[in-house]
Number of protein chains: 2
Amino acid sequence: MEGISKKVYLELEAPTEEDSRSSQVRILDKLKELGIDAKMSVKVLRKLYPLCDEAMWKITVSLAWNGEKWVAVALEKGDRTDTHYGLAVDLGSTTVVTRLINCNTGKCIGEASCYNHQIAYGTDILTRIFHCKDNEKELEVMRKATVDSIVECLKELEKETGVSSQKCISMVVSGNTTMIHFLLGMDAFCVFYTPYAVRADQPGFLPAADLELPVSGYVYCFPSKSNYLGGDIISGMVATELYKGEDISVFFDIGTNGELVIGNQEFLLCGAGAAGPALEGGVVQTGMRAAEGAVDEVKIHDGDIQTHVIGETEAKGICGSGIIDLLAELLLEGWVDIRGRLIPEKSPLIQEKEGALAVEYAPGLFFFQKDIDEFIRTKAAAHTMVEIMLRESGISMEEIAEFYVAGAFGKHVSKESAIAIGMYPDMDRDRIINAGNSSLDGAGKLLLNRGYLEDIDEILEKMVYIQFGAVDDFLNMMVAAQALPHTDFQRYPSVMKEMERRQKR
Amino acid sequence: MEGISKKVYLELEAPTEEDSRSSQVRILDKLKELGIDAKMSVKVLRKLYPLCDEAMWKITVSLAWNGEKWVAVALEKGDRTDTHYGLAVDLGSTTVVTRLINCNTGKCIGEASCYNHQIAYGTDILTRIFHCKDNEKELEVMRKATVDSIVECLKELEKETGVSSQKCISMVVSGNTTMIHFLLGMDAFCVFYTPYAVRADQPGFLPAADLELPVSGYVYCFPSKSNYLGGDIISGMVATELYKGEDISVFFDIGTNGELVIGNQEFLLCGAGAAGPALEGGVVQTGMRAAEGAVDEVKIHDGDIQTHVIGETEAKGICGSGIIDLLAELLLEGWVDIRGRLIPEKSPLIQEKEGALAVEYAPGLFFFQKDIDEFIRTKAAAHTMVEIMLRESGISMEEIAEFYVAGAFGKHVSKESAIAIGMYPDMDRDRIINAGNSSLDGAGKLLLNRGYLEDIDEILEKMVYIQFGAVDDFLNMMVAAQALPHTDFQRYPSVMKEMERRQKR
């Protein structure tokens with residue numbers, strides 16, 4: 001298995017008058033003997049002397065794949081093949097997460113994350129896009145903010161592991177189409193504006209220096225399939241290897257936007273749509289990010305709402321996973337009806353507040369009827385995406401081998417709750433798989449295995465993009481899904497059973 | 001014929017929701033249709049918007065060959081294929097000469113030259129090398145001086161033609177091994193020091209930005225065969241196409257150092273050696289460069305020395321071509337004997353001066369016996385190089401189809417005089433060809449024809465380097481050549497004839 005970088009230790013013969021090949025050719029010849037066709041960067045040409053002499057011609061060459069050829073991008077004295085590092089970056093619009101990978105062992109030896117510095121120019125992507133739309137200066141500011149976010153993580157990684165990013169050869173970045181536009185310094189208005197033809201979606205390998213990223217070789221950015229289906233999803237494909245299986249699986253990445261892929265080695269259908277910020281605790285009145293003080297777990301027991309609060313402190317609000325738990329519990333306990341309407345008779349915790357019904361989920365914190373309504377619309381959108389994709393592919397839920405849920409959602413949200421509210425299909429829980437940060441995982445895998453480059457070409461070619469907007473009865477289907485778990489309750493037998501169980505108590 | 005750069009005009013369909021390919025892919029796909037497999041630089045990715053829209057998707061792409069692939073390095077609105085330029089650079093240790101080439105017509109549309117700024121750190125190469133030997137800071141100064149020399153020429157070219165170098169896609173540089181080392185920022189002591197293994201001799205295509213050279217794409221530096229046989233000679237091969245002929249030819253580049261190639265499509269023998277600064281007017285007491293006030297032509301007529309002075313002013317000294325004329329005339333008139341000893345009886349212009357014999361070649365300017373001796377040693381070295389190469393290849397002078405003399409020497413020195421003193425062989429004058437600035441010519445040809453890259457690989461492989469120092473009887477041969485024209489006068493029948501003719505008068 002060969003990655004996109006290499007370190008090779010060479011013991012060369014010192015030049016003599018009989019063999020007076022140049023240092024350059026001496027090294028490249030030896031690499032050729034090892035089956036590596038390489039060229040040298042200017043930086044390395046300048047380092048040849050006195051390094052080779054001082055090292056008695058025992059040197060380690062760092063090689064970076066540039067898409068077509070190996071490029072020698074760094075030289076060290078002696079055998080330094082033990083320190084072969086690379087970087088995987090998940091360039092999220094909220095959070096940037098980086099991993100330092102030991103390319104010899106494939107192990108992650110450090111992970112660091114930070115908020116995306118772009119947030120200073122808008123918490124949501126659209127605000128950021130408008131902030132620098134047709135404004136070269138502000139676009140450069142946005143680019144810088146993006147680079148700085150990654151650099152902040154790299155510094156953190158260095159503090160944590162003692163390994164400077166300068167010692168890393170290659171970097172793989174996965175991010176959505178807007179993030180990659182900003183990283184490369186391209187106006188991203190195109191991502192959200194008709195005809196949705198973006199600037200660039202196949203950046204490939206770019207010299208790190210051109211991007212002002214502090215690794216010695218090249219930066220690979222995952223390509224995107226379309227404006228809404230970015231490199232983070234392609235990276236998720238690499239992470240899950242869904243495109244390799246015989247069985248059909250679903251890949252679901254849900255946040256402000258939802259992206260979905262369904263398929264196997266034969267076919268890949270994909271689609272994306274706005275899911276709404278509700279899922280990240282955005283729109284909800286007391287909603288907040290999953291930070292200290294956020295309610296992230298909810299259980300209703302004996303008429304009492306029990307919560308877990310991040311940081312074990314006093315509750316300040318509620319985050320996505322908490323909301324989903326809360327909604328599920330409200331439904332299962334019968335505190336809301338199938339339309340999500342609060343039934344005040346069911347609990348004294350349901351009160352009128354600011355002229356509307358609300359449930360007090362923690363002391364002094366209320367979840368309002370309109371929050372519920374908003375959330376149901378959001379989850380209906382997500383549900384409908386899955387439903388349409390299945391229908392378009394002529395596949396029934398029973399045929400789905402694995403249902404991957406990527407990202408924070410997959411990690412933090414209770415499967416039971418997500419099923420209860422009809423966000424996930426009612427299926428065997430073991431087949432619902434938390435794909436974790438698959439965007440980051442895919443980046444790490446590519447770093448270690450160049451073979452995925454071919455796979456990526458294949459994935460892009462195979463993927464058929466379904467425009468949800470172009471599906472005739474999308475709206476009808478979505479309306480039908482605006483119930484807990486669904487207007488067609490028969491689709492959720494396990495939820496029915498649990499409701500019955502609870503109501504028997 | 002395809003050069004190392006291209007400009008392609010594309011009329012693209014504007015994106016629609018049906019065809020929402022990215023600007024990048026839209027362009028690359030279209031290029032692929034035209035048979036061009038390309039990738040895009042970061043610079044171009046950033047220019048896609050708003051350029052493509054503003055140009056209504058009628059754009060011109062500049063493509064640079066990077067050694068493996070075409071790289072889109074610039075974008076323009078509309079059809080700008082009429083302005084396709086490239087630069088050829090002869091990076092001489094004394095003079096840097098640049099040519100702006102119209103790559104559509106192949107015509108040179110401007111030439112500019114300047115003294116190499118390195119001269120500030122030593123008039124001769126060795127002084128410069130020692131100046132920055134093992135001194136990173138001074139090496140950087142030397143690199144800068146090299147780059148600045150080229151940039152000065154480019155500015156001059158812009159003034160002359162109105163074409164900025166930024167509008168040029170590719171640059172081809174030919175220079176000797178030391179010059180290329182300095183251009184790339186590499187210590188060059190290795191060039192003159194055992195075991196004569198240099199740092200790098202195959203730089204290939206390097207990003208112009210990495211070299212701080214102001215063209216939009218790549219810079220190709222001719223490779224060198226060995227420390228003393230630099231890229232300027234390889235470029236001379238491309239210029240003369242000596243390696244393609246059926247007939248055997250000689251390529252002779254003589255200055256402070258002499259480089260020699262002999263061969264045809266079957267074989268190439270090459271060698272190089274110090275010729276001595278005498279040839280450039282260096283060592284000679286009243287010697288000077290070919291500048292205003294230099295005697296550059298000499299004739300003896302009716303006992304009188306007639307001279308031509310550069311700039312038509314009063315003579316201040318004598319340059320290389322003047323010295324060779326003077327020596328030839330002294331011999332032909334019988335004012336010196338075959339050993340080059342001045343015979344005072346022959347002319348009142350031969351006088352004792354500062355305790356030695358000297359000939360007053362211009363009012364108050366003397367050419368001394370020791371100057372003659374020095375010069376004879378120099379020309380003997382040059383002669384011996386040719387002689388050895390012929391002997392090693394088992395070829396007689398009669399078999400030589402063409403005798404190319406490169407550089408200033410070929411341009412300015414009288415063939416008759418050079419033969420008379422035994423520097424050139426006594427051969428058919430029409431077969432002695434002034435190759436001009438073949439280093440620059442070769443660079444220009446490569447710019448226009450990528451096919452030469454293969455030829456260059458072939459040339460390097462085919463070339464057999466003869467170490468003159470390793471030739472047993474080199475010294476004996478050189479001593480035999482230390483006569484005017486040669487101790488074996490039979491080799492110079494036309495010179496004998498001319499002497500007889502003059503002495504009959």
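Predicted model: local features only at pLDDT ≥ 70, side-chain atom pairs only at ≥ 80, totals over all residues.
**Exercise 1. Describe the overall build of chain A.**

Solution. Begin with secondary structure: chain A holds 15 helices and 22 strands. Its radius of gyration is 26 Å, close to the 23 Å that the globule rule gives for 505 residues, so chain A is as compact as a globular protein of that length. The radius is taken over C-alpha atoms, and the rule is 2.2 Å times the number of residues to the power 0.38. Next, the C-alpha trace spans about 100 × 50 × 45 Å along its principal axes.

Burial comes next: 60% of the 505 residues are buried (under 20% relative accessible area; exposed is over 50%, partly exposed in between; 1.4 Å probe, protein chains only). As for contacts (heavy atoms within 4.5 Å), 65% of those between residues at least 6 apart in sequence join residues at least 24 apart. Finally, chain A carries 51 positive and 77 negative side chains, the centres of the two sets lying 3 Å apart. Lys and Arg count as positive and Asp and Glu as negative, while His and the chain ends are not counted; each charge is placed at NZ of Lys, CZ of Arg, CG of Asp or CD of Glu.

**Exercise 2. Characterise the interface between chain B and chain A.**

Solution. Count the partners: 39 residues of chain B contact 39 residues of chain A. Then take the area: about 3400 Å² is buried between the chains, of which carbon and sulfur atoms give 51%. Buried area here is the accessible area (1.4 Å probe) that two parts lose on being put together, summed over both. On the chain B side, Arg46(B), Tyr49(B) and Arg199(B) lose the most area to chain A, together 20% of what that side buries.

Single residues show cross-chain contacts as well. Gln202(A) lies in the loop between helix H5 (177-184) and strand S9 (204-207) of chain A and is partly exposed at 36% relative accessibility. Beyond its neighbours within four places in sequence, Gln202(A) contacts Pro223(A), Leu460(A), Gln24(B) and Val25(B). From the other chain, Arg143(B), in helix H4 (residues 136-161) of chain B, is buried with a relative accessible area of 1%. Among the residues that Arg143(B) touches, not counting those up to four places away in sequence, are Arg46(A), Phe182(B) and Glu212(B).

**Exercise 3. Which residues of helix H1 of chain B are buried, and what covers them?**

Solution. Within H1 (residues 23-33), Ser23(B), Gln24(B), Val25(B), Arg26(B), Ile27(B), Leu28(B) and Leu31(B) are buried. Their cover includes strand S1 (5-11), strand S2 (38-40), helix H2 (42-54) and strand S3 (58-65) of chain B. H1(B) is followed by Gly35(B), whose phi is positive, near 85°.

**Exercise 4. Is Met56(B) buried or exposed, and is Glu212(A) partly exposed or exposed?**

Solution. Met56(B), in the loop between H2 and S3 of chain B, is exposed at 62% relative accessibility. Glu212(A), in the loop between helix H6 (208-211) and strand S10 (218-221) of chain A, is partly exposed at 41%. Phi is positive at Met56(B), near 55°, and at Glu212(A), near 60°; neither residue is glycine.

Conventions. Residues numbered from 1 in each chain as written. Chains lettered and ligands numbered in written order. Heavy atoms only, no water. Helix = DSSP H or I, 4+ residues; strand = E, 2+ residues; numbered from the N terminus.
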